[in-house]
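Subject: Structure for your records

Hello,

Here is the structure I said I would pass on. Please look it over before reading my notes below.

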Amino acid sequence: MFAQAIRYVVAPVILAMSGFFTVNFLVSGQYTWPRTSRVLALTLTLLVLSYEFVYKEQAATTGSNEQARSAVFYACVIPYAVGAILMLALWKL
């Protein structure tokens, strides 16, 4: 139950917001050390979340690395891209 909540609710929401924040940092042009370090820490946190709580959990449950990669794609990569695209769309306005 906990693993499913992480995969279907927590990870997509966090990754969508993170994609939005990361692209906001990139398009803002304000590359200060505090902002850069926050984005680097966020990126590292996202990698750990995606690997530990989505990939490894799915691989342990199904025993298939292909299904685990598919779970990471749908639960992590797509929400991150949606957040990034949303920020780019708002930036163009």
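The notes below go from the overall fold to the helices, the salt bridges and the surface.

Please keep in mind that this is a predicted model.

Overall fold

The protein has 3 helices and 0 strands, and along the sequence the pattern reads α-α-α. Its C-alpha atoms fill a box of roughly 45 × 30 × 20 Å along the principal axes. Of the 93 residues, 31% count as buried. Among contacts with a separation of 6 or more, 63% are between residues 24 or more positions apart. The accessible surface comes to about 6100 Å², and carbon and sulfur atoms account for 71% of that.

Helix α2

Helix α2 covers residues 33-62, which is 30 residues. From first C-alpha to last, α2 reaches 42 Å, close to the 44 Å expected at 1.5 Å a residue. The helix has a kink of about 25°, centred on Tyr 51. Just after α2, Gly 63 takes a positive phi of about 80°.

Which residues of α2 are buried? They are Arg 35, Val 39, Leu 42, Leu 46, Leu 49, Ser 50, Val 54, Tyr 55, Gln 58 and Ala 59. The cover over these buried residues includes α1 and α3, the latter spanning 65-92.

Ser 50 is worth a separate entry. This residue lies in α2 and counts as buried because its relative accessibility is 11%, and the cut-off for buried is under 20%. Leaving aside neighbours within four places in sequence, Ser 50 is in contact with Leu 15, Tyr 55, Val 72 and Cys 76.

Salt bridges

How many salt bridges does a search of the whole structure find? The search finds 2.

One is between Glu 52 and Lys 56, where the closest N and O atoms are 3.4 Å apart. Both residues lie in helix α2, 4 residues apart, about one turn of the helix. Glu 52 is partly exposed, at 34% relative accessible area, and Lys 56 is also partly exposed, at 38%.

Another joins the side chains of Glu 66 and Arg 69, at 3.1 Å from N to O. These two residues are 3 apart in helix α3, and therefore separated by about one helical turn. Glu 66 is exposed, with a relative accessible area of 51%, whereas Arg 69 is partly exposed at 47%.

As background to both pairs, an α-helix has 3.6 residues a turn, so residues three or four places apart point the same way. Side chains of opposite charge can pair when their charged atoms come close.

Nonpolar surface patch

Tyr 8, Val 9, Val 10, Val 13, Ile 14 and Met 17 form a nonpolar patch on the surface. Together they have about 540 Å² of accessible area. Met 17, one of the patch residues, is found in helix α1, which runs over residues 2-28. Is Met 17 buried or exposed? Met 17 counts as exposed because its relative accessibility is 53% and the cut-off for exposed is over 50%.

In short, the model has 3 helices, a kink in α2 centred on Tyr 51, 2 salt bridges and a nonpolar surface patch that includes Met 17.

Regards

Key
Residues numbered from 1 in each chain as written. Predicted model: local features only at pLDDT ≥ 70, side-chain atom pairs only at ≥ 80, totals over all residues. Heavy atoms only, no water. Patch = residues over 30% accessible without salt bridge, like charges linked within 9 Å, V, L, I, M, F, W, Y side chains within 5 Å. Areas by Shrake-Rupley, 256 points an atom, 1.4 Å probe, with all protein chains shown as cover. Salt bridge = Lys/Arg side-chain N within 4 Å of Asp/Glu carboxyl O. Buried < 20%, exposed > 50% of the residue type's maximum accessible area, 1.4 Å probe, protein only. Expected span 1.5 Å × (residues − 1). Bend = angle between axes of the 7 residues up to and from the residue. Contact = heavy atoms within 4.5 Å.
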